[in-house]
Amino acid sequence: MTPMSNENGKFAGKVAFVTGAGAGIGRATAMAFACEGAAVAVVDRSDAHAQETARLIEEAGGRAIAIARDVLRGQDVKAALDKTIDAFGRLDYAFNNAGIEQPVMPLAEITEEQWDRILEVDLRGVFLCMKYQIPLMMKQGGGSIVNTSSGAGVKGFGQAAYCAAKFGVVGLSKAAALDYAGSNIRVNVVCPGIIETPMMDRFSGGTPEGRARVIAQEPVGRMGKPEEIAATVVWLSSEAAAFVVGHAMIVDGGQTA
């Protein structure tokens, strides 16, 4: 693994907070922030997964703390942010990425419990994170937030609850971007396509046939890599994207083109 440039990276002296950081896109992004010099709060429901991501960052020379919290509870989100401030003294970047998928089924077959669960995790969780992150950023004069939506947040894909939540993330983020643009807080969205993650393994069934079925939806003929989404998030968080506000950036190999 390439050693992390803590002192010379473009995020040196800064702090990133990443949810769903125990695997997949979240882990890749936590490590990408650390590679650019940021200290990282690694937040995940699974303590073991959070600890493993933090270990990988520290093993490569970065700084990280593992925080096991559930974004469904406001007190958990606030406690995770308090722990971040206690450890690192500030909050500059947030990547609100924690989410779950929906089994493929028509709308009328979705149970009320499935609907509530998906909307709570994928939309309410993003709201709670921003609710408690933004005041911390305002105290220090600014920051950058990137929220995870999906290609299913800009186009219907036959998963009504998941689409509703991910479309909601885009709308929520655009509204928040306008609320706080004047406070030097940028809010943007990344909309991944089919990415090689544990979630996609569950969605495809993990079989060669299932993988071939989802890959066939990608014009580029392959799944994306978590690191490709991580690079997008890092760019959106950086000064290079200082004029990018309220944007939903689609990174999907042409799937929604």
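A: Here is a walk through the salt bridges, pair by pair. The model is predicted. It holds seven salt bridges.

Start with Arg-73 and Asp-76. Their side chains meet in a salt bridge, at 3.2 Å from N to O. That falls inside the cut-off, because a salt bridge needs the nitrogen within 4 Å of a carboxyl oxygen. Now look at the two partners in turn. Asp-76 is buried, because its relative accessible area is 14% and buried means under 20%. Arg-73 has 38% relative accessibility, so Arg-73 counts as partly exposed.

Next comes a pair inside a helix. Lys-78 and Asp-82 both belong to helix H3, which covers residues 74-88. They sit four residues apart, about one turn of the helix. Their side chains form a salt bridge, with 3.3 Å from N to O. Asp-82 is partly exposed, at a relative accessible area of 33%. Lys-78 is partly exposed too, with 40%.

Move on to Arg-222 and Glu-228. The side chains of these residues meet in a salt bridge of 2.8 Å, N to O. Glu-228 counts as partly exposed at 32% relative accessibility. Arg-222 is partly exposed as well, at 38%.

Note on methods
Residues are numbered from 1 along each chain as its sequence is written. This is a predicted model: local features need pLDDT of at least 70, side-chain atom pairs count only at pLDDT 80 or more; totals for chains, interfaces and linings use all residues. Side-chain values use heavy atoms; hydrogens and water are left out. Buried means under 20% relative accessible area, exposed over 50%, partly exposed in between (1.4 Å probe, protein chains only). Helices (H or I, at least four residues) and strands (E, at least two) are DSSP runs, numbered from the N terminus.
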